[in-house]
Amino acid sequence: MHPAAAKVLFDEDVKNLSPELCKRRGWNLHSLTFPIVDCSFSEKARTTLRVRLQCDDWNDKPPSVILLSADGVPLRSLPANPTGVFNGGLHHLTGLPFVCMRGAREYHTHPSHVNDLWEPLKGETRYSIGGILTQLWNAWQKGSD
Amino acid sequence: MAEKEVAAGEAERKLDVSISTTAGFYPTEGFDAVPEKQAVQTELDKAKHHLKIKDVNGWIATVISESGKRQIDPARSYAENNLSGQIEIDWGPSEGGGGV
């Protein structure tokens, strides 16, 4: 995907990630500029989770999802509230804990899932950038902390 | 007669509903007045149409209450979901599959 075309698709995908939506969901968007979506999930009495979606080559490739601390440092281990999609093992490409969920680049490049292709998923509503971010938010909220 | 009027009033009691998605809000601004005995799904269907959302398979509807985020059942009415007043429904895909 040509970077200019990827940017057009990115901008179309994120145009409704508005301040009003973020206020309702407890999201804090640190960056929403191609190719990065950097967003914190916060809720009363819960540990904040920050995620950075690297959307280069969107949407020929799914976003790479990096888990961050509240101050933006990549997590070397998972917080105390993991649910099924947050994998505390180190991904062979990033050397970091990762999101093991369809729609995350680390899932589709993991040796266990290389046959689960991104191609048939891309374009589906739940695999838009907002859809993937929502899935991550819902996964985070299922955690115990 | 009075009982009939009370019953009619209860049947038509309305709530204010707003639905948020990553495709936008329905209605675009403010709230929609809907009967409290109407299934939540009716308003979700309107949102899907209005916001031109192609596919809502696996989506969940939630509300924020004092005890935190709570999933509601779209097949049931607002009253059956214990919802009242101004209701802000969040609608989007649930946590996806994966696992190594």
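## Chain B at a glance

Helices, of at least four residues, and strands, of at least two, are taken here as DSSP runs and numbered from the N terminus. Read that way, chain B runs α-β-β-β-α-β-β-β from its N terminus on, which amounts to two helices and six strands. Please keep in mind as you look around that this is a predicted model.

Chain B has 100 residues, and 29% of them count as buried. Among its contacts with a separation of 6 or more, 63% link residues 24 or more positions apart.

## How confident is the prediction?

For the complex, the predictor reports an ipTM of 0.89 and a pTM of 0.91. The average pLDDT of chain B is 89, with 85% of the residues scoring at least 70.

## Where the chains meet

The contact draws on 30 residues of chain A and 21 residues of chain B. On the chain B side, the elements giving two or more residues are strand E2 (24-26) and strand E6 (86-93). E6(B) provides the largest share of that side, with four residues. Sorted by class, the side of chain B that touches chain A holds ten polar, six charged and five nonpolar residues.

## The nonpolar cores

The largest nonpolar core has 29 residues, and those touching the most other members are Val37(A), Val51(A), Leu53(A), Val99(A), Ile129(A), Leu133(A) and Leu136(A). Two or more residues each come from helices H1 (3-14) and H4 (129-141) and from strands E2 (36-41), E3 (49-54), E4 (64-68) and E6 (98-99) of chain A. H4(A) supplies the largest share, seven residues. A second, separate core has 14 residues, including Phe25(B), Val40(B), Ala47(B) and Ala61(B).

Leaving aside residues up to four places away in sequence, Val99(A) touches Val65(A), Val85(A), Phe86(A), Ala104(A), Glu106(A), Tyr107(A) and Leu136(A).

## A closer look at Ile72(B)

Ile72(B) sits in strand E5 of chain B, which spans residues 68-72. Is this residue buried, partly exposed or exposed? Ile72(B) has 19 other C-beta atoms within 10 Å, and burial takes 20 or more, so Ile72(B) counts as partly exposed.

Beyond residues up to four places away in sequence, Ile72(B) touches Val40(B), Ala61(B), Thr62(B), Val63(B) and Asn81(B). Thr62(B) is ten residues away along the chain, yet its C-alpha atom and that of Ile72(B) are separated by 5.5 Å.

## Backbone details worth checking

One joins Trp58(A) and Asn59(A), with omega about -5°, and Asn59(A) belongs to the loop between E3 and E4 of chain A. Another joins Tyr26(B) and Pro27(B), with omega about -10°; Pro27(B) is found in the loop between E2 and strand E3 (32-35) of chain B.

Asp57(A) has phi near 65° and lies in the loop between E3 and E4 of chain A; because 17 C-beta neighbours fall inside 10 Å, Asp57(A) counts as partly exposed. Lys52(B), with a positive phi of about 55°, is in the loop between H2 and strand E4 (59-65) of chain B. With 8 C-beta neighbours inside 10 Å, Lys52(B) counts as exposed.

Terms used
Residues are numbered from 1 along each chain as its sequence is written. Chains are lettered from A and ligands numbered from 1 in the order in which they are written. This is a predicted model: local features need pLDDT of at least 70, side-chain atom pairs count only at pLDDT 80 or more; totals for chains, interfaces and linings use all residues. A nonpolar core is a set of buried Ala, Val, Leu, Ile, Met, Phe, Trp, Tyr and Cys residues joined through C-beta atoms within 7 Å. A residue is buried if 20 or more other C-beta atoms lie within 10 Å of its own, exposed if 12 or fewer, and partly exposed in between; C-beta atoms are placed from the backbone. Two residues are in contact if their C-beta atoms, placed from the backbone, lie within 7 Å. pLDDT is the predictor's confidence in each residue, from 0 to 100. Ala, Val, Leu, Ile, Met, Phe, Trp, Tyr, Cys and Pro count as nonpolar, Asp, Glu, Lys and Arg as charged, and the others, Gly among them, as polar.
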